There are 2 protein chains.
Amino acid sequence: MSKVPGFYFSGISSGVKKSGKKDLGLIYSEVPCKISAVFTKNLVKAAPVILGQERIKNGTCQAIIINSGNANACTGKKGYKDSVSTSKALSKELKIDENLVIPSSTGIIGLPLKMDKIEKALPELIKSLDEENIEDTAHAMLTTDKFIKTASKKIKIGNKTGTISAVGKGAGMISPNMATMLAFIVTDIAIAKGALKKAFKTSIENSFNKIIVDGDTSTNDSAFIMSNGLLENREINEKSSNYKKFVEAVTEVCSEIAELIVKDGEGATKVVKVEVKGAKTENDAAKIARTIGNSQLSKTAFYGEDANWGRIVGAAGRAGVKFNPDKLELFFDGIKVYSKGVQHQSESKYAHVFEKPKFTVTIKLKEGKAESYIITSDLTHEYVSINADYRS
Amino acid sequence: MSKVPGFYFSGISSGVKKSGKKDLGLIYSEVPCKISAVFTKNLVKAAPVILGQERIKNGTCQAIIINSGNANACTGKKGYKDSVSTSKALSKELKIDENLVIPSSTGIIGLPLKMDKIEKALPELIKSLDEENIEDTAHAMLTTDKFIKTASKKIKIGNKTGTISAVGKGAGMISPNMATMLAFIVTDIAIAKGALKKAFKTSIENSFNKIIVDGDTSTNDSAFIMSNGLLENREINEKSSNYKKFVEAVTEVCSEIAELIVKDGEGATKVVKVEVKGAKTENDAAKIARTIGNSQLSKTAFYGEDANWGRIVGAAGRAGVKFNPDKLELFFDGIKVYSKGVQHQSESKYAHVFEKPKFTVTIKLKEGKAESYIITSDLTHEYVSINADYRS
């Protein structure tokens with residue numbers, strides 16, 4: 001992980017998690033940052049999401065405090081007050097304006113935050129801040145995740161080298177339109193507010209909004225990008241020659257985090273890219289890709305290493321998109337499996353693809369030129385174990 | 001199971017299933033019947049569905065032949081020819097018009113039918129026909145089902161007593177808009193063609209279209225109703241006083257079969273009714289009920305007997321329906337769990353509901369007066385086992 005000038009990280013155990021694992025993280029910039037964010041589209045939003053949506057409006061932020069173990073969702077007015085109190089207490093300790101702090105929570109829904117533990121832990125949280133500590137922050141935001149998720153990229157902006165680093169979490173409740181996922185991207189590259197917002201939206205669309213684990217969307221999903229401008233480059237705007245480069249780099253780190261989330265998908269043993277080509281519209285292509293990516297029968301076939309193309313063709317047929325099924329072609333890692341309404345060649349030619357930990361399922365509709373894709377995981381015994389026993 | 005005058009059933013082993021279990025069934029009426037049918041909405045339709053849709057047009061039928069073990073889906077032109085050949089061979093043996101025979105298949109997708117075995121078995125299939133043999137037919141249509149599904153009801157039509165009996169199959173690939181399910185309803189009650197069609201549509205809407213196991217829709221789903229009129233009652237039409245009674249009775253036997261399908265849902269240990277009340281429109285209510293009924297996180301919570309209302313409220317919030325989440329109320333078997341954005345009372349008051357094999361989750365939106373519901377199963381380790389290993 002590359003450190004990013006001016007950004008400091010920490011992650012400690014406050015006691016919110018009974019296990020004693022890290023559960024409180026902090027990202028702090030030595031100067032106020034430009035910030036942009038994308039939040040869950042779920043109507044039921046956690047308290048920190050509601051507060052975050054308000055605080056994000058002025059486009060400036062200096063610190064994000066993250067707790068895991070408790071989502072502070074469905075906690076009513078008290079939950080909202082708790083989010084405000086957390087950020088107020090932190091702002092006092094950091095001696096910055098309260099409005100420059102954004103809280104973020106992930107974990108169990110419906111229980112009150114243990115405010116005493118969080119507030120008591122703040123001095124240690126701040127004391128632990130270090131440019132090198134991003135992995136501590138990564139640990140502090142985990143719930144059912146099995147490993148931490150970080151990504152980093154350096155790009156040349158003029159004659160200077162800027163850094164974009166990201167830390168995220170997520171394993172279940174993963175669906176396009178975000179998921180039980182949090183992602184925090186920090187950069188020293190200076191960029192105008194409008195350009196930062198647009199760049200981030202594009203990056204999210206092509207990373208976090210392309211993954212599925214179980215099709216559930218959480219109350220807490222949030223992704224943030226903070227730019228502190230300490231690279232002192234000429235500020236990027238939408239017309240700059242460096243704008244595209246910036247978008248690509250942010251998309252790249254977000255995609256890396258997104259793919260790690262699928263890989264860590266609760267109980268997942270496979271990462272499968274489902275691409276749909278030759279659709280009439282991108283929306284048609286996305287609908288089919290998502291239907292396959294969400295299909296329990298496709299996902300159990302991935303798990304069982306059973307190259308059962310019938311389930312995939314069947315899922316495509318029920319996606320609610322009009323196409324001629326006789327023109328549909330199906331490929332596993334580029335090997336043609338199905339065309340003209342029947343199996344194209346013997347299963348021995350393609351069965352091995354499903355034995356790989358990572359493979360691609362491609363559908364060609366031959367109805368138009370639009371395409372889309374989704375990255376999904378398999379549905380396993382362990383997924384059921386994790387989610388049937390989550391709270392016990 | 002009540003026998004129905006004039007209807008004969010059989011079910012034998014033809015050798016299509018390697019296990020040697022029953023895999024070929026026949027339903028035969030001694031006189032031609034009025035028939036109505038509903039087929040899968042999947043764009044990818046099995047050969048017998050395509051042929052059935054053609055044959056159904058004239059509204060008359062005398063025999064339905066059902067094979068299990070092979071869906072004859074995604075089998076192209078050869079598959080269609082095989083369906084035609086099967087019905088032709090049977091019609092010869094039965095000495096009836098070929099167009100009075102409808103074939104129906106369920107099982108693995110993409111493999112050619114073993115025509116030699118089926119044709120060779122026809123004489124025995126016909127020889128076994130008996131008014132009492134409906135359970136043999138029920139056995140012959142099973143795939144991953146653990147038990148047979150039959151239901152029956154007698155109703156008074158004037159001074160006569162008519163019978164409605166049903167036999168069905170289904171366990172996986174179950175979603176509203178039918179599923180990998182077949183259902184055959186037979187009655188001796190005379191009813192006009194239009195009235196039969198309308199009655200059946202209403203009954204399906206309130207039975208098979210209200211169940212979910214895994215949200216997948218198959219290429220083969222079909223439901224048929226045959227009336228041979230041998231009760232010799234005054235023919236029912238839509239204006240008859242007996243029309244409503246007929247619809248209710250058909251709905252009842254279909255609901256019984258539908259609920260048995262959920263109970264037999266692959267690996268299912270729970271049958272859960274999800275009802276949504278106080279919605280602006282029935283469509284809104286249905287959308288929320290289906291989103292919860294399809295939610296992997298809700299379904300694993302049902303399995304884990306974990307009364308995790310946060311997952312249910314979360315699923316409601318992502319259903320794509322606009323409502324005020326602060327007005328939402330949630331009940332488990334009538335016990336209030338959640339209201340005004342927070343947990344309503346201690347978990348000890350309602351946790352026991354999830355320990356029952358059958359319970360109801362009710363959401364009240366307080367946005368309007370429309371309502372809908374869905375019956376769903378839980379998502380279990382066994383579901384994954386069954387579907388990861390189906391073909392091996």
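In this predicted model, H1(A) and H2(A) are oblique to each other, because angles from 65 to 115 degrees count as roughly perpendicular and those under 35 as roughly parallel, whereas these two helices pack at an angle of about 55°. Helix H1 of chain A comprises residues 47-55 and helix H2 of chain A residues 76-94, and their axes lie 8 Å apart. The crossing in which H1(A) passes H2(A) is right-handed.

The residues that form this contact can be named on both sides. H1(A) contributes A:Ala47, A:Pro48, A:Ile50 and A:Leu51, which meet A:Gly79, A:Tyr80, A:Asp82, A:Ser83 and A:Val84 of H2(A). Classified by type, the contact of H1(A) with H2(A) has six nonpolar residues, two polar residues and one charged residue.

Seven strands of chain B make up an open sheet with mixed pairing, in the order S8-S15-S10-S14-S11-S12-S13. Its edges are strand S8 (211-212) and strand S13 (342-343) of chain B, each of which pairs on one side only.

Within this sheet, strand S10 (residues 271-279) of chain B pairs with strand S14 (residues 358-364) of chain B in the parallel sense, over seven bridges.

Helix H7 of chain B, residues 282-294, lies across S8, S10, S14 and strand S15 (370-377) of chain B. Relative to S15(B), helix H7 of chain B runs at about 20°.

Methods
Residues numbered from 1 in each chain as written. Chains lettered and ligands numbered in written order. Predicted model: local features only at pLDDT ≥ 70, side-chain atom pairs only at ≥ 80, totals over all residues. Axes fitted to C-alpha atoms, helices over the stretch in contact; angles between N-to-C directions. Helix = DSSP H or I, 4+ residues; strand = E, 2+ residues; numbered from the N terminus. Parallel < 35°, antiparallel > 145°, perpendicular 65-115°, else oblique. Left-handed = near helix turned anticlockwise from the far one by under 90°. Contact = placed C-beta atoms within 7 Å. Nonpolar A, V, L, I, M, F, W, Y, C, P; charged D, E, K, R; others polar. Pairing = 2+ DSSP bridges.
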